[in-house]
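Here is a short briefing on a protein model with more than one part to look at. Take a moment with the view below, then work through the points by topic.

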Amino acid sequence: MGNEVLISCRGICKNFGATRALINVDFELRRGEVCGLIGENGSGKSTLTSIFAGVQPATSGEMFRAGEHYKPHNMVEAQKAGVAMIVQEAGTLPGIDVASNIFIGNYEMFGRMGVLNKKKMYAEATRILEEIGAADIKATTKVAVLNFEDRKIVEIARAMYLNPEILVIDESTTALAQKGRQLIYKLIDKMRAENKGVIFISHDLEELERVCNRITCLRDGVVVGHLADEEIKVANMRPLMVGRDLQGHYYREDYDGTSSDEVVLDVKHITSENGYVRNFSIKLHRGEILGFGGLSECGMHEVGRMIFGLDKTITGEVEYVPQHKKIDSIKDAISLNIGYISKDRDNESIILNASIQDNTLMASYPKISRLGIITPKAEKELSDKQIERMRTKCVSGKQYVSQLSGGNKQKVAFSKWLAAGSDIYIMDCPTRGIDIGVKAAMYDMIYEFKKEGKAIIMISEELPELIGMSDRMIIMKDGAISAEVMRSPDVTDTKLIEYMV
Amino acid sequence: MDTETVKKNANRTEEEIQEELIRRQKRKETITSILPVVGLVVLVVLFTVLTKGQFIGMDNLKLLVNQCFTMCVIVVGGAFLYSIGGLDMAIGAIMALSATVLTLAFNAGVPFVISFLIGVVVSVACMSVTAFIRNYLKVTPFIASLCMMNICQGLVLTAIASTGRIVFNYSQAAWVDDTVTKIITLVLLIFVGYVLFNYTSIGKSLKAIGGNATAARISGIKVEKMVFIAYAIVGITIAIGGLFTVVRSGVADNTLGTGLNLNVMTAIVLGGFPLTGGANAKFHAPLIGALTVTVLTNGLGLLGQANAMGYAIKGLLFIIVVASTYEKSKGKLIS
């Protein structure tokens with residue numbers, strides 16, 4: 001019975017306040033299937049799987065597990081019904097040890113007249129860790145001392161110890177590095193071999209093409225299509241996710257890497273406090289997209305922060321050349337029309353619990369106040385203009401940013417500097433964690449900035465993006481420039497990686 | 001029916017559902033925002049009926065103005081302080097110190113207005129110390145304010161050590177303790193506060209800091225300066241409150257301002273003002289709360305329940321309001 005349905009749902013709806021996360025979703029997973037769940041951020045993938053795993057209840061609709069009604073009240077109940085999930089954020093408790101984390105909610109398994117048999121628990125935990133191929137993690141270690149990757153592996157162990165028939169892997173925002181990846185692939189293979197089922201959420205479409213034998217795509221909470229077997233190709237997935245053909249270009253199409261000779265920023269011999277950047281110099285020109293690439297600790301993020309006056313420089317200085325002014329603080333930078341978009345969007349760029357309008361105007365209060373008074377009309381005008389220009393998807397400027405999707409949140413972060421009238425943009429990972437549709441719009445916007453004569457520093461961990469957008473690429477290694485590469489069709493990932501390591 | 005029509009119908013219901021959800025969300029927001037006002041009205045009606053009209057008699061209304069005055073004045077400033085989050089436990093003690101110094105100056109022959117300004121300087125200075133500790137020593141404002149409370153109490157006790165209390169020469173400033181003066185003062189303060197809070201970069205910046213201080217800093221808001229301003233504003237209102245309190249009671253001593261901290265906090269919460277601050281902070285909320293606290297105290301007093309039941313009922317109400325208006329999952333009340 002290879003095609004027996006393991007889990008299914010009919011007419012699932014889920015509302016969060018006025019936001020409809022899922023609308024009449026039907027889904028089924030059969031034995032031996034590895035089903036990839038795709039869709040842009042905010043399309044409802046994680047919501048759907050978390051309902052399967054008992055994290056939250058559906059607003060309406062029915063679920064069936066092996067033909068019977070299924071309605072788990074919590075993750076432990078779901079796990080007992082054979083549905084286990086590895087969640088996207090680390091869901092481990094740092095204060096207690098690995099074994100206690102693995103068996104959390106199920107301590108009665110090791111109970112003997114109300115007393116916990118720790119020895120048995122540790123032995124069992126060690127066995128599971130070995131089984132999934134992570135024998136290097138000790139059951140008695142406190143989770144707090146483990147790194148992010150190992151914490152995820154502890155979660156995998158927690159998902160696996162009851163031998164689930166259905167495994168949900170949610171990798172929609174955070175991705176595992178190599179060690180965890182291999183472990184997950186092995187698990188998926190094993191589940192498939194045992195004729196069980198896997199639901200896999202990942203942003204890495206190539207990865208899904210390799211491991212899945214079925215794909216379901218969600219868009220705005222609605223199932224918009226399925227792919228099976230040979231249809232599973234990245235080329236088929238993209239248009240399904242975005243809802244239209246991504247025709248023509250994604251990045252800019254020209255290979256003209258020239259820009260004006262006019263230097264706007266002159267960075268002279270700067271060194272960062274943490275020592276990641278040493279004696280670093282660079283010039284930024286008007287109308288230039290200057291890309292920064294490198295490994296995460298190469299110092300490129302610090303360069304951006306120092307230029308904006310956010311981090312201190314121990315040596316050297318940053319000069320705004322047109323006015324021969326030194327930039328020492330955020331205040332200086334903003335007064336010279338420099339804007340900074342942080343890598344850490346939710347913590348540094350936006351206020352989640354405030355309206356789009358409040359966020360958009362945060363850097364523009366001095367600009368819109370007349371005799372110290374800011375009128376609601378002036379606020380609305382400036383804010384609505386940015387919403388229109390960025391095509392931010394929202395009900396109105398009064399809507400709270402926390403209700404927006406990742407891409408639209410980032411649009412709000414951009415809007416803030418557009419409203420302030422910035423001419424120089426420092427963008428640290430501007431497209432991190434945002435979906436293809438919005439990404440394409442961002443690239444268009446950045447290119448438009450260039451044509452308007454604005455200057456852009458784009459710090460990125462994604463090489464294709466760097467190659468696709470930059471006029472000039474600065475590859476950093478150990479706090480210094482290891483290569484400077486001009487825009488050309490011949491630049492490849494591999495070439496740049498050589499300079500990075 | 002052709003497929004086109006079917007599709008259209010399906011689409012329409014989806015839109016209808018969406019509209020319905022937005023409507024429901026708006027209704028919920030409206031309820032949360034008007035609940036404090038409704039509560040206040042219900043209390044007023046209830047007490048009016050129970051006291052057979054005595055509650056809204058002219059005498060009692062005057063009494064109400066006097067009772068709520070200090071708290072209303074202080075929560076006008078409090079709105080600025082609480083919009084950046086963090087509790088302050090030093091308000092009562094600082095008011096006592098400010099009023100004591102003011103009285104000493106006045107008794108020493110300093111003109112009334114100058115004495116008052118000295119009082120303002122004292123309370124603004126004290127609040128600035130808390131702001132300094134918060135800004136540069138990175139101590140939780142709650143703890144910083146506890147230290148400030150003890151320092152101020154100590155200073156007041158030192159000042160009154162020989163006599164036990166300082167008598168304020170009431171007859172020379174009798175016009176201050178007048179209902180009309182108080183109403184005018186309050187209306188002016190509320191007007192200025194309202195404009196500052198809603199229509200200037202000060203109010204907007206403070207709410208941004210309450211929402212996300214890092215994002216505010218990166219957007220060019222001078223966080224430290226704004227924190228000082230918030231503390232200074234509440235300092236000014238504390239001094240005003242202190243002046244009226246000491247003129248009314250005629251003496252400055254260490255009992256002045258007792259219970260004020262908790263009353264202010266209760267007012268903030270009952271009004272539906274988030275203690276963590278941010279964009280949900282509404283200027284009118286603590287004022288509504290202050291009125292509610294006063295009406296409750298006064299009404300229970302008229303019914304002869306001031307002490308016996310008063311505290312218990314306030315406590316109960318506090319829990320009911322907090323539990324029903326705050327989104328507990330988000331930990332909005334105290335982060």
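Helices here are DSSP runs (H or I) of at least four residues, numbered from the N terminus. Helix H9 of chain B covers residues 223-249, and Glu224(B) is found in it. Keep in mind that this is a predicted model.

**Chain A: overall build**

- Chain A has 18 helices and 22 strands.
- The radius of gyration of chain A is 25 Å, close to the 23 Å that the globule rule gives for 501 residues, so chain A is as compact as a globular protein of that length.
- Along its principal axes, the C-alpha trace of chain A spans about 75 × 50 × 45 Å.
- Three domains divide chain A: domain 1 (5-242), domain 2 (260-337 + 423-501) and domain 3 (352-421).

**Chain A: where domain 1 meets domain 2**

- The centres of domain 1 and domain 2 of chain A, taken over C-alpha atoms, are 38 Å apart.
- Domain 1 of chain A puts five residues into the contact, and domain 2 of chain A puts in five residues.
- Between them, domain 1 and domain 2 of chain A bury about 430 Å². Carbon and sulfur atoms carry 58% of that area.
- Which residues of domain 1 of chain A lose the most area to domain 2 of chain A? They are Glu40(A), Asn41(A) and Val242(A), and together they make up 73% of what that side buries.
- The side of domain 1 of chain A that touches domain 2 of chain A has two nonpolar, one polar and two charged residues.
- Zero salt bridges are counted between domain 1 and domain 2 of chain A.
- The rule also finds zero residue pairs in polar contact across this interface, with both residues required to be at pLDDT 80 or more.

**Chain B: overall build**

- Chain B has 12 helices and two strands.
- Read along the sequence, the pattern of chain B is α-α-α-α-α-β-α-α-α-α-β-α-α-α.
- The C-alpha atoms of chain B fill a box of roughly 95 × 55 × 30 Å along the principal axes.

**Chain B: a look at Glu224(B)**

- Leaving aside residues up to four places away in sequence, Glu224(B) touches Asn135(B), Tyr136(B), Lys138(B) and Arg217(B).
- Glu224(B) and Asn135(B) lie 89 residues apart along the chain, yet their C-alpha atoms are separated by 5.9 Å.

- The size of an interface is often given as the accessible area lost when the parts come together.
- About 2,400 Å² is buried between chain A and chain B, and carbon and sulfur atoms give 61% of it.
- In this contact, 33 residues of chain A meet 27 residues of chain B.
- How many salt bridges are counted between chain A and chain B? The count is one.
- Glu379(A) forms a salt bridge with Lys204(B), and the closest N and O atoms are 2.9 Å apart.
- Seven residue pairs are in polar contact between chain A and chain B, both residues being at pLDDT 80 or more.
- Five elements of chain A give two or more residues to the side that touches chain B: strand E2 (19-30), helix H10 (330-335), helix H11 (345-349), helix H14 (376-390) and helix H15 (406-420).
- H11(A) gives the most to this side of chain A, with four residues.
- By class, the side of chain A that touches chain B has 18 nonpolar, eight polar and seven charged residues.

Definitions and conventions:
Residues are numbered from 1 along each chain as its sequence is written. Chains are lettered from A and ligands numbered from 1 in the order in which they are written. This is a predicted model: local features need pLDDT of at least 70, side-chain atom pairs count only at pLDDT 80 or more; totals for chains, interfaces and linings use all residues. Side-chain values use heavy atoms; hydrogens and water are left out. Contact means heavy atoms within 4.5 Å. Buried area is the accessible area (1.4 Å probe) that two parts lose on being put together, summed over both. A salt bridge is a side-chain nitrogen of Lys or Arg within 4 Å of a carboxyl oxygen of Asp or Glu. A polar contact is a pair of N or O atoms within 3.5 Å; within protein, one must be able to donate a hydrogen and the other to accept it, and residues adjacent in sequence count only if both atoms are side-chain atoms. Ala, Val, Leu, Ile, Met, Phe, Trp, Tyr, Cys and Pro count as nonpolar, Asp, Glu, Lys and Arg as charged, and the others, Gly among them, as polar. Domain bounds come from an automatic or database domain assignment. The radius of gyration is taken over C-alpha atoms; the globule rule is 2.2 Å times the number of residues to the power 0.38.
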